[in-house]
Amino acid sequence: MTVYDVWFWAPFHMLQAYPITRNLPLPDVFIPFAHLIWVPMYIWEHWTGLAEPVEEAWAMKSIVLPLSLILILSFFYITHQMSDKPTVVKVGAAMYFAFMFFATDLGFQGSPKKTYEEQIEANADSSWNNQHLILHIYYLVILWVVALTVPYHKLAAKRAAGVGTGLNASDPSNTESPGLSITDVFKEAIYGEKLLPEFSTIRQTSKFLILQGIIYSSSGMLMFFLPGDEETALYPGMGFCVIGIGYFYIMASRMNNNYWAVATIFTRMIMTPVGCMTLWAFFGVPAQVCVSFGILDPTLAFLTYLSLKQDEQNQGTYATIA
């Protein structure tokens with residue numbers, strides 16, 4: 001079997017999924033679906049001789065890539081929280097994303113291609129195949145080394161622990177005045193120097209929600225500036241709304257308020273899936289948009305809930321201000 005055989009590549013893709021699902025506290029029913037996210041990547045990178053399944057896999061890119069990125073970001077974040085060697089996790093994350101975003105700029109030729117035609121040509125190139133093998137080994141080593149910094153007994157204890165979910169009243173919001181001028185108000189809205197606590201003092205759940213706000217804003221910018229060939233009037237408008245949602249997530253999360261965290265869980269686990277399915281079924285909103293947010297939002301909401309539980313374990317109550 002040579003590196004040109006499509007089945008040679010299958011274990012590399014599947015072995016990337018395992019360490020991620022090992023450490024993420026996903027319900028059992030979600031774990032097979034988390035593994036399946038890597039299947040379309042495997043198909044569009046290597047099954048270039050089968051036109052119909054490959055074209056369908058390429059059509060799923062707008063859904064699969066954001067999902068896989070969220071899983072990987074969540075993997076590094078949660079692993080860092082549980083790891084016996086957090087520095088190893090930080091270094092691994094830096095190496096992983098540095099290679100992902102900058103390897104091509106530095107002359108590496110083994111990254112997946114951007115179009116179907118380029119990918120077909122690359123699969124026939126022995127040089128690309130050799131470098132692509134290096135890419136897979138590099139990612140596998142990082143993911144497995146990082147994953148194993150969390151010993152299995154700690155994972156088992158965390159999964160077996162029954163943690164209460166009672167909530168206490170949160171501390172009152174800060175009612176200090178930002179200043180009298182409109183400039184002071186705008187400045188405070190951007191920097192939050194007077195009304196927001198120091199970033200180092202806020203809980204992990206709030207920091208995680210800030211990260212989610214960055215993800216939302218980044219996704220909105222992609223939709224706004226790169227809407228694609230279809231629905232060009234719709235996608236920039238949606239992108240602008242998602243950018244605004246990301247801003248509110250970032251700034252509201254910096255308030256370190258538990259009610260805000262709880263509200264984001266409720267809206268994204270209940271309202272978003274129902275709303276997205278309604279928009280798709282009755283109002284003709286593109287399926288890829290509805291499916292993307294109908295899956296991504298509840299996933300992030302569930303991870304936020306798990307982070308709240310972790311804060312309760314660490315501090316004794318959701319409402320305690322660190």
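K154 is partly exposed, because its relative accessibility is 28%. Keep that residue in mind. A reminder before we go on: this is a predicted model.

So what does K154 pair with? K154 forms a salt bridge with D84. The closest N and O atoms are 2.6 Å apart. A search of the whole structure finds 1 salt bridge. Now look at where the partners sit. D84 is in the loop between α5 (61-82) and α6 (86-102), and K154 is in helix α9 (residues 152-160). The pair therefore ties together parts that are 70 residues apart in sequence. D84 has 49% relative accessibility, so D84 counts as partly exposed too.

Next, T205. You will find T205 in helix α11 (residues 204-225). Is T205 buried or exposed? Buried, because its relative accessibility is 2%, and the cut-off for buried is under 20%. Its side chain makes a polar contact of 2.6 Å with the side chain of D311. Leaving out residues up to four places away in sequence, T205 touches Y77, A261, T304, S307, L308 and D311.

Last stop: helix α7, residues 116-123. Which of its residues are buried? They are Y116, Q119, A122 and N123. Look down the axis of α7. The buried residues fall within an arc of 120°, so they line one face of the helix. E117 and E121 are on the other side of α7, and they are exposed.

Terms used. Residues are numbered from 1 along each chain as its sequence is written. This is a predicted model: local features need pLDDT of at least 70, side-chain atom pairs count only at pLDDT 80 or more; totals for chains, interfaces and linings use all residues. Side-chain values use heavy atoms; hydrogens and water are left out. A salt bridge is a side-chain nitrogen of Lys or Arg within 4 Å of a carboxyl oxygen of Asp or Glu. Helices (H or I, at least four residues) and strands (E, at least two) are DSSP runs, numbered from the N terminus. Buried means under 20% relative accessible area, exposed over 50%, partly exposed in between (1.4 Å probe, protein chains only). A polar contact is a pair of N or O atoms within 3.5 Å; within protein, one must be able to donate a hydrogen and the other to accept it, and residues adjacent in sequence count only if both atoms are side-chain atoms. Contact means heavy atoms within 4.5 Å. The arc is that of the directions from the helix axis to the C-beta atoms.
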